[in-house]
Amino acid sequence: MTKSLKSLWARFLFQDRGILPTKRLLLLFLILSLFLTLGSVWGVSWGYVFFVNGFIFLVSLSDLLFSPRKSQLFFSRSLSEEMERGINYSFKINVRNESVHSFSYRLIDGLPQSFEQGFPLAGSIPKESASVILYETMAKERGKYEIQKLYFRYRSLLGLWEKQVTVDLADTIKVIPDLTETKQYLENAQQFLLHQGLKIRRIRSGAGDFSKIRSYVVGDDPRKINWRQTAKLHEVMTNEYEPEHGKYITILIDCGRMMGAELKKGNRLERTLEAAMTCTAAALQKGDYVSVLAFSKEIKVYVPPAKGMAHLQTILQAIYNLKVDAAESNYAAVLQYLEMVQKKRSLLLLFSDVRTFLHEESALNYLKKMRQRHLFLMIGIEDRSLQRRINEEPIDVQTAMLKSIAQQQNLIKKREKNKWEKQGLQMIEAKEEKLAITAVSHYIDIMNQNLL
């Protein structure tokens, strides 16, 4: 089919623009044709039938004169350039009608398929006025998306015809990870870090940098009482210390095949990115240097260490579009690369699948060498289906066998974890909704104990 024929076929189908009959017009012709057909039984000629149908059709075309021309309608779109995954955002469509005719409309915005869509939107716009059309949408997947077109249909006065307009409105949207937990931490760190009923541990007595002198409260270490200020103010005062600033934190994000496992809300990688951003915010707020390295079978992203809250945006823009790869992760290669780029002692915070990592003997050899310079902590997401099988009641033979296999897998994992932890390589697993809390709590605990 030639290009001209394709264009003609698209116009015939009203793909992007055109004039379409409405259901009201089709119903009118159906009823009219039914009566005229019955009339032909009583002697009405077929010529009269065709004449009446043609006359009604020509009269209906006059209804188009009472609708705006396409050149009299103007459109614009207002939206946020960045959206957090899984959160509703409002989009605004501005329509200006410069004609003397009011009309009703239906609208479909050209959102990507991964966005939640509630189209078509319907309403009416008065003559010589501007209207704002609001709708809400939610992005289910991270990434960078282009919105190119807006599809708009409006009816004539009697509603017999409908005009279709396709408007070119190009916009770019970045869908970033859900930063709800990061914002909660920045607003109230102590409340956010309540984990299993335990608050952040106090730092070791006298360890870290001197912070300030404050009033003594019950539970404070008596050895930290500042006797000079106590005598001067006639009130018991105590010294307060905080961990040393300027430590190096390296966050490792696994993007391999196992990180694509689906959870209640997204997959493992989605939860990992949210937890990684919360850890980054916590470290930068405390004055530490943070670097991020994302990998699968090869290095995907590396952000060099820097400090200051502005670095949070640098990291976010570098990792917001990370995707899960179908390949297995190459832990040995990433640790070898890390050994070259990270010369200073740092906390290596690895987000990955614990069960997969336990069988990487080559990675164990690298980590044995690296732990002489760095501190290693691995955090994974608990396998909820495995735990459900373990806790299941063995009501029949099949359930008992599945429970036995799940228990055996769990024992193997514990045995392998013990082997790694004896080498000084700590591994923990957390529930998906507690991943960020667990990661930040362990980071602050390590800092408070001056283990780094």
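Why does Thr137 count as buried? Thr137 counts as buried because its relative accessibility is 0%, where buried means under 20% relative accessible area, exposed over 50% and partly exposed in between, with a 1.4 Å probe and protein chains only.

This is a predicted model in which local features need pLDDT of at least 70 and side-chain atom pairs count only at pLDDT 80 or more, while totals for chains, interfaces and linings use all residues. Residues are numbered from 1 along each chain as its sequence is written, and side-chain values use heavy atoms, with hydrogens and water left out.

**Surroundings of Thr137**

Thr137 sits in strand 7, which covers residues 129-138; strands (E, at least two residues) and helices (H or I, at least four) are DSSP runs numbered from the N terminus. Leaving aside residues up to four places away in sequence, Thr137 touches Met83, Ile87, Asn88, Tyr89, Phe91, Leu111, Phe115 and Glu116, a contact being heavy atoms within 4.5 Å. Leu111 is 26 residues from Thr137 in sequence, and the C-alpha atoms of Leu111 and Thr137 are 9.2 Å apart in space. With Glu116, a polar atom of the Thr137 side chain lies 2.6 Å from the backbone oxygen.

**The chain as a whole**

The protein chain has 14 helices and 17 strands, and 43% of its 452 residues count as buried. Among contacts in the protein chain with a separation of 6 or more, 74% come from residues 24 or more positions apart. The accessible surface of the protein chain is about 24600 Å², and carbon and sulfur atoms account for 55% of that surface; accessible areas come from the Shrake-Rupley method with a 1.4 Å probe, and for residues only the protein chains shown count as cover.

**Aromatic pairs**

The structure holds 13 aromatic pairs. Rings of Phe, Tyr and Trp (its six-membered ring) pair if their centres lie within 6.5 Å, with planes under 30 degrees apart counted as stacked, over 60 as edge-to-face and the rest as tilted. Two of the edge-to-face pairs are tabulated here.

| Pair | Centre to centre | Angle between planes |
|---|---|---|
| Phe75 and Phe152 | 4.9 Å | 65 degrees |
| Tyr331 and Phe357 | 4.7 Å | 85 degrees |

The pair of Phe75, in strand 2 (residues 73-78), and Phe152, in strand 8 (residues 143-155), links distant parts of the chain, 77 residues apart, and both Phe75 and Phe152 are buried. Tyr331, in helix 9 (residues 331-341), and Phe357, in helix 10 (residues 354-357), likewise link distant parts of the chain, 26 residues apart, and both Tyr331 and Phe357 are buried. Ring pairs also join Phe75, Phe103, Tyr105, Phe152 and Tyr154 into a cluster.

Notes: A polar contact is a pair of N or O atoms within 3.5 Å; within protein, one must be able to donate a hydrogen and the other to accept it, and residues adjacent in sequence count only if both atoms are side-chain atoms.
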